[in-house]
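Hi,

Here is the structure I said I would pass on.

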Amino acid sequence: MVQEYKRDDSIIGVGTDIIEIDRVKLAVERSGSRFLERVYTSAEIAYCEARRDRISCYAARFAAKEAVLKAIGSGLSGCRWVEVEVSRSREGPPGVLLHGAAAALAAKRGIGSLHITLSHSREFAVAFAVATGRGANA
């Protein structure tokens, strides 16, 4: 779900999240693939595993999923982690793909685009999401 911002679109929701990278590292060490498969799509796992800083990569995506769920107005209520997928092309900013209940909620709220940014330091990963569209009443 990557679309260009249109002049008549409005901001429908925003979300942000910050997470300690060590918290994600601990979850991966404790439950390994069980944690990864519950939270991340196979494409996200492949992308992060190919990176030297894989735990930071997972942490940034975890924060992005939280931020997106806040921006679309659900939190985790009724949605699963894997229904929010952070995509990445070789060039350009990260994108968001929504699946299942998350996609249905975004459509119901009139969300046409999601814009995200990710960052991390040695200790923390942070993400910010903006949901735009014409709204449910358009």
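Predicted model: local features only at pLDDT ≥ 70, side-chain atom pairs only at ≥ 80, totals over all residues.

Leaving out residues up to four places away in sequence, Arg61 touches Tyr40, Glu44, Tyr47, Cys48, Val86, Arg88 and Leu118.

So what does Glu44 do instead? Glu44 forms a salt bridge with Lys65, with 2.9 Å between the closest N and O atoms. Glu44 sits in helix H3 (residues 42-49) and Lys65 in helix H4, so this pair ties together parts that are 21 residues apart in sequence. Both partners, Glu44 and Lys65, are buried.

Now the overall picture. The chain has 5 helices and 5 strands, and along the sequence they come in the order β-α-α-α-α-β-β-α-β-β. The radius of gyration is 15 Å, close to the 14 Å from the globule rule for 138 residues, so the chain is as compact as a globular protein of that length. Along the principal axes, the C-alpha atoms fill a box of roughly 45 × 30 × 20 Å.

Some totals for the chain, in case you want them to hand:

- Buried residues make up 44% of the 138 residues.
- Among contacts with a separation of 6 or more, 61% are between residues 24 or more positions apart.
- The accessible surface comes to about 7800 Å², and carbon and sulfur atoms account for 50% of that.
- There are 20 positive and 16 negative charges, and their mean positions are 1 Å apart.

Back to the charged pairs. Side chains of opposite charge can pair when their charged atoms come close. How many salt bridges does the count come to? It comes to 5, and the Glu44 and Lys65 pair described above is one of them. Two others are worth a look.

One of these joins Lys70 and Asp17, whose side chains meet at 3.4 Å, N to O. Lys70 lies in helix H4 (residues 54-72) and Asp17 in strand S1 (residues 10-20), so the pair ties together parts that are 53 residues apart in sequence. Is each partner buried or exposed? Lys70 counts as partly exposed, at 38% relative accessibility, while Asp17 is buried, with a relative accessible area of 13%.

The other is between Arg80 and Glu83, where the side chains meet at 3.9 Å, N to O. Arg80 is exposed, with a relative accessible area of 54%, whereas Glu83 is buried at 10%.

Last, a loop residue. Thr41 has its place in the loop between helix H2 (33-39) and H3. Thr41 counts as buried, with 11% relative accessibility. Setting aside neighbours within four places in sequence, Thr41 is in contact with Val82 and Glu85.

Cheers

Terms used: Residues numbered from 1 in each chain as written. Heavy atoms only, no water. Helix = DSSP H or I, 4+ residues; strand = E, 2+ residues; numbered from the N terminus. Rg over C-alpha atoms; globule rule 2.2 N^0.38 Å. Buried < 20%, exposed > 50% of the residue type's maximum accessible area, 1.4 Å probe, protein only. Contact = heavy atoms within 4.5 Å. Areas by Shrake-Rupley, 256 points an atom, 1.4 Å probe, with all protein chains shown as cover. Lys, Arg positive; Asp, Glu negative; His and termini not counted. Charge placed at Lys NZ, Arg CZ, Asp CG, Glu CD. Salt bridge = Lys/Arg side-chain N within 4 Å of Asp/Glu carboxyl O.
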